[in-house]
Amino acid sequence: MSIWRTKSVEHSMADTEDPEFKLKKSLTALDLTVFGIGVIIGAGIFTLTGRVAQAYAGPGVVFSFAIAAICCGLAALCYAEFASTVPVSGSAYTFSYATLGEMIAWIIGWDLILELMLGASVVAQGWSSYFETFLGEIGITWPAHLGYGDTFDLPAFLLVAVLTALVAFGIKESLRVNLVLVALKLFIVLFVIVAGIQFIDTDNYQPFVPDSAPGTTGEGWLHTPLIQTVFGAPGVYGVAGILFAASLVFFAYIGFDVVATTAEEARNPQKDLPRGIIGSLVVCTILYMAVALVITGMVKYDQINPDAALANAFIAQGKDGYATLISAGAVAGLTTVVMTLLIGAVRVFFAMSRDGLMPTALAHVNPRTGTPVRITLAIGLVVAFVASLTPIGKLEEMVNIGTLSAFALVSIAVPILRKNRPDLERSFRVPFSPFLPWLSAAICVFLMLNLTAETWLRFLVWMALGFAIYFGYGYRHSRVGRGEGIPAEDYSAR
């Protein structure tokens with residue numbers, strides 16, 4: 001059997017009815033939309049916007065958000081078509097298994113695990129920062145050496161532990177908590193926009209796009225965007241800075257693809273998934289750009305405090321009470337992001353385990369909770385330790401390169417599946433295919449090239465580890481390769 005063997009759509013759909021691996025169908029269109037907004041609005045607004053504006057783009061970070069949104073919008077169309085056509089857990093991993101072959105599916109699944117687990121760790125660290133800010137605002141001091149930026153980040157560890165228990169308990173119960181926290185988070189974001197407008201000083205927008213500065217974004221070529229290393233472009237600000245910032249703020253948009261990982265648990269996936277994916281992305285893009293304008297208008301870009309930027313912007317205006325409210329909202333808001341990313345990581349790992357590419361025993365669903373408890377606990381433990389022990393600022397780019405590579409491959413897969421399986425019912429279709437899918441893939445690759453050489457080296461190490469696991473275990477234990485449960489003629493080798 002070939003590494004290019006594919007898993008038919010019919011096989012994927014049949015697996016969803018296997019009692020051992022069957023997930024509970026309980027999610028509505030509202031659940032999916034809230035799910036998407038809950039994960040997208042988070043680190044991008046509360047932690048990343050101010051830091052990127054201060055270090056790389058100035059007020060021009062608004063353009064960075066627009067570029068990242070265009071990239072995500074094109075990818076979202078591709079995800080929406082796939083998710084409505086193949087409503088199975090695993091998101092891009094499952095889609096590519098039906099089109100590009102097993103090895104590409106493995107690569108995408110491995111990238112998604114990187115994206116979602118590290119994403120949850122990054123946001124848990126941001127949560128810890130706002131948690132300590134909030135405690136400070138109400139007069140409580142957190143123990144030294146056990147907080148944000150310290151050797152062991154205890155708040156981040158405890159957050160992930162509690163959310164892991166909640167996710168293991170049940171998807172519907174998790175989203176009930178998510179709904180309440182998302183409502184609070186949206187209120188805080190709108191409050192920031194409305195309250196912040198009165199403190200905008202238009203002089204802070206001058207220059208809106210600061211002049212390009214020579215040098216690099218860090219020390220040495222390893223910390224310079226790969227495309228700048230090759231062509232010798234300026235390191236920060238200007239057009240180059242905006243493009244580099246776009247590759248960073250892209251992290252703010254990850255999440256809409258997580259909606260696709262819950263396809264198997266949606267009651268009416270053909271209609272609800274496209275609405276949840278595209279609707280949440282549109283709402284969040286508008287809010288992101290509005291907040292970016294507010295924060296760079298309130299504080300001169302080179303004076304923005306990169307830690308808990310929104311709260312500190314109001315403190316600089318003498319509005320400590322506002323800062324307390326924002327910190328409380330950020331604590332609630334970032335909680336939903338960590339929880340949603342954990343759910344996504346669990347569902348991707350679940351799909352890979354069910355296919356035999358990871359140990360199948362892990363994929364067994366608990367009959368009481370309707371969730372894969374073993375996988376949930378294992379992933380939660382890893383995320384908790386990564387969040388509490390990893391130096392701040394080292395994870396975002398790794399999340400982005402994993403996400404962008406998955407987006408590029410999903411975009412390529414859309415026209416391939418249309419050609420190979422024109423008979424499949426598609427309740428949503430990407431317009432102007434194959435042009436838009438190819439454009440989506442090209443933009444994703446361009447943003448990847450704007451990430452640092454160090455990130456690329458780490459990514460290559462991660463991929464080498466993934467290939468070792470695939471050829472050492474996954475290839476030999478693949479259910480498709482062994483022909484389990486489905487007649488041999490339902491498989492194809494490419």
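**Figure 1. Phe-432, an exposed residue.** Phe-432 counts as exposed because its relative accessibility is 66%, and exposed means over 50%. The model shown here is predicted. Phe-432 sits in the loop between H16 and H17. Its backbone also stands out. Phe-432 is not a glycine, yet its phi is positive, at about 55°.

**Figure 2. A cis peptide bond at Pro-434.** This view stays with the loop between helix H16 (396-420) and helix H17 (435-449), where Pro-434 lies. The peptide bond to look for runs from Ser-433 to Pro-434. That bond is cis, and its omega is near 10°.

**Figure 3. A cis peptide bond at Pro-207.** Which helices does the loop with Pro-207 lie between? They are helix H8 (171-197) and helix H9 (226-231). Here the peptide bond from Gln-206 to Pro-207 is cis. Its omega is near -5°.

**Figure 4. The whole protein.** Step back before the next close-ups. The protein has 19 helices and zero strands. It contains 494 residues, and 61% of them are buried. Its accessible surface comes to about 17,500 Å². Carbon and sulfur atoms account for 67% of that surface. Now consider contacts between residues at least 6 apart in sequence. Of these, 84% join residues at least 24 apart.

**Figure 5. Helix H2 against helix H12.** Helix H2 covers residues 29-40, and helix H12 covers residues 269-298. Their axes come within 8 Å and cross at roughly 35°. The crossing of H2 past H12 is right-handed. From H2, the contact uses Ala-29, Leu-32, Thr-33, Gly-36, Ile-37 and Ile-40. Facing them in H12 are Asp-272, Leu-273, Arg-275, Gly-276, Ser-280, Leu-281, Val-283, Cys-284 and Tyr-288. How many residues of each class make the contact of H2 with H12? There are nine nonpolar, four polar and two charged residues.

**Figure 6. Ser-280 in helix H12.** Zoom in on one residue of H12, Ser-280. Is Ser-280 buried or exposed? Ser-280 is buried, because its relative accessible area is 0% and buried means under 20%. Set aside its neighbours within four places in sequence. Ser-280 is then in contact with Thr-33, Gly-36, Ile-37, Ile-40, Phe-256 and Arg-275. Among them, Thr-33, Gly-36, Ile-37 and Ile-40 are also on the H2 side of the contact with H12. Along the sequence, Ser-280 and Val-34 are 246 residues apart. In space, their C-alpha atoms are 7.5 Å apart.

**Figure 7. Helix H7 against helix H14.** Helix H7 spans residues 154-169, and helix H14 spans residues 320-354. The axes of H7 and H14 come within 10 Å and cross at roughly 55°. That angle makes H7 oblique to H14. H7 passes H14 in a right-handed crossing. On the H7 side, the contact is made by Leu-159, Val-160, Leu-163, Thr-164, Leu-166 and Val-167. On the H14 side, the partners are Thr-335, Val-338, Met-339, Leu-342 and Ile-343. By class, the contact of H7 with H14 has nine nonpolar residues, two polar and no charged.

Figure 8. Val-177 lies in helix H8. Why does Val-177 count as partly exposed? Its relative accessibility is 34%, which falls between the 20% limit for buried and the 50% limit for exposed. Val-177 and Met-339 are 162 residues apart along the chain. Their C-alpha atoms are separated by 9.8 Å.

**Figure 9. Helix H14 against helix H15.** H14 returns here, packed with helix H15, residues 373-389. Their axes are 9 Å apart, at an angle of about 130°. That makes H14 oblique to H15. The crossing of H14 past H15 is right-handed. H14 brings Leu-342, Ala-345, Val-346, Phe-349, Phe-350 and Ser-353 to the contact. H15 brings Ile-375, Thr-376, Ile-379, Gly-380 and Val-383. These residues divide into eight nonpolar, three polar and no charged.

Key:
Residues are numbered from 1 along each chain as its sequence is written. This is a predicted model: local features need pLDDT of at least 70, side-chain atom pairs count only at pLDDT 80 or more; totals for chains, interfaces and linings use all residues. Side-chain values use heavy atoms; hydrogens and water are left out. Axes are lines fitted to C-alpha atoms, for helices over the stretch in contact, and angles run from 0 to 180 degrees between N-to-C directions. Helices (H or I, at least four residues) and strands (E, at least two) are DSSP runs, numbered from the N terminus. Angles under 35 degrees count as roughly parallel, over 145 as roughly antiparallel, 65 to 115 as roughly perpendicular and the rest as oblique. A crossing is left-handed if the near helix is turned anticlockwise from the far one by less than a right angle, and right-handed if clockwise. Contact means heavy atoms within 4.5 Å. Ala, Val, Leu, Ile, Met, Phe, Trp, Tyr, Cys and Pro count as nonpolar, Asp, Glu, Lys and Arg as charged, and the others, Gly among them, as polar. Buried means under 20% relative accessible area, exposed over 50%, partly exposed in between (1.4 Å probe, protein chains only). Accessible areas come from the Shrake-Rupley method with a 1.4 Å probe; for residues, only the protein chains shown count as cover.
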